[in-house]
Amino acid sequence: PASTSFPIFPGTMTGVYLTVTTTPETPIGNYNVTLDAVAGLEDDRLVLPLTVYGQTGGADAKFLMWTDRETVLLTRDAPEAVNIGLSSHSEFSMGVGISAAILPANDHSPTVVVSPGNVSLYPGASNIAVLSLRADELTAPGSYTVEVTGTSNYGTRTITITVNVDA
């Protein structure tokens, strides 16, 4: 927890920029960031939700990758879509190729397609790809693992999504 105080003068508007930094040791999960404003006898509180997502890959990859759903329940003939977020965390512009593979992979595994297969990132910007999942009547029920990999000239990141196909 950090605390910073600064003066705000009557009749003026002040903006605050909040930067949250994590390390590889930061546990995945949901957090709340609380901002308190106190002026004389009045005070106000703003609570901002923050989610830390997991990923693998070296810091040299120069981009981050995350998903909005780490587990998906897939029903036969009812396709699901999962957002894959990417953002540049450097001064570099880059293209990131995105691919997806399902394990175990066989003729009766769900199908996975990621679109677009290449995302452009610019300094400080984010972009989204969509992972489409589909199970048909021949798909074996059970648990599958989808590995989504992003590759740039600077390195690779991989995230994992669990897919459960109902019986």
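Select strand 4 (residues 71-74) and strand 11 (residues 155-165): the two pair in the parallel sense over four bridges. Pairing here requires at least two DSSP bridges between the strands. Strands are DSSP runs of E with at least two residues, helices are runs of H or I with at least four, and both are numbered from the N terminus. Now pick T71; its bridge partner in strand 11 is T162.

This is a predicted model, where local features need pLDDT of at least 70, side-chain atom pairs count only at pLDDT 80 or more, and totals for chains, interfaces and linings use all residues. Residues are numbered from 1 along each chain as its sequence is written, and side-chain values use heavy atoms, with hydrogens and water left out.

**Stay on strand 4.** Show side chains. V72 and L74 point to one face and are buried. Buried means under 20% relative accessible area, exposed means over 50%, and partly exposed lies in between (1.4 Å probe, protein chains only). In a regular strand, side chains alternate between the two faces of the sheet.

**Zoom out.** The chain has eleven strands and zero helices. Of its 167 residues, 25% count as buried. Take the contacts (heavy atoms within 4.5 Å) with a separation of 6 or more: 60% of them join residues 24 or more positions apart.

**Go to G95.** This residue sits in strand 6 (residues 94-103). G95 counts as partly exposed because its relative accessibility is 37%. Beyond its neighbours within four places in sequence, G95 is in contact with N118, V119, S120, T151 and S152.

**Next, L35.** Look in strand 1 for L35. L35 is partly exposed, as its relative accessible area is 32%. Select L18, V20 and L46 with L35: together they make a nonpolar surface patch of about 320 Å². Patch residues have over 30% relative accessible area and no salt bridge; nonpolar side chains (Val, Leu, Ile, Met, Phe, Trp, Tyr) are joined within 5 Å, like charges within 9 Å. A salt bridge puts a side-chain nitrogen of Lys or Arg within 4 Å of a carboxyl oxygen of Asp or Glu.

**Finish by colouring on pLDDT,** the predictor's confidence in each residue, from 0 to 100. The chain mean is 84, and 83% of residues reach 70 or more. Confidence is lowest in strand 1 (residues 29-39), at a mean of 78, and highest in strand 7 (residues 111-115), at 97.

Notes: Accessible areas come from the Shrake-Rupley method with a 1.4 Å probe; for residues, only the protein chains shown count as cover.
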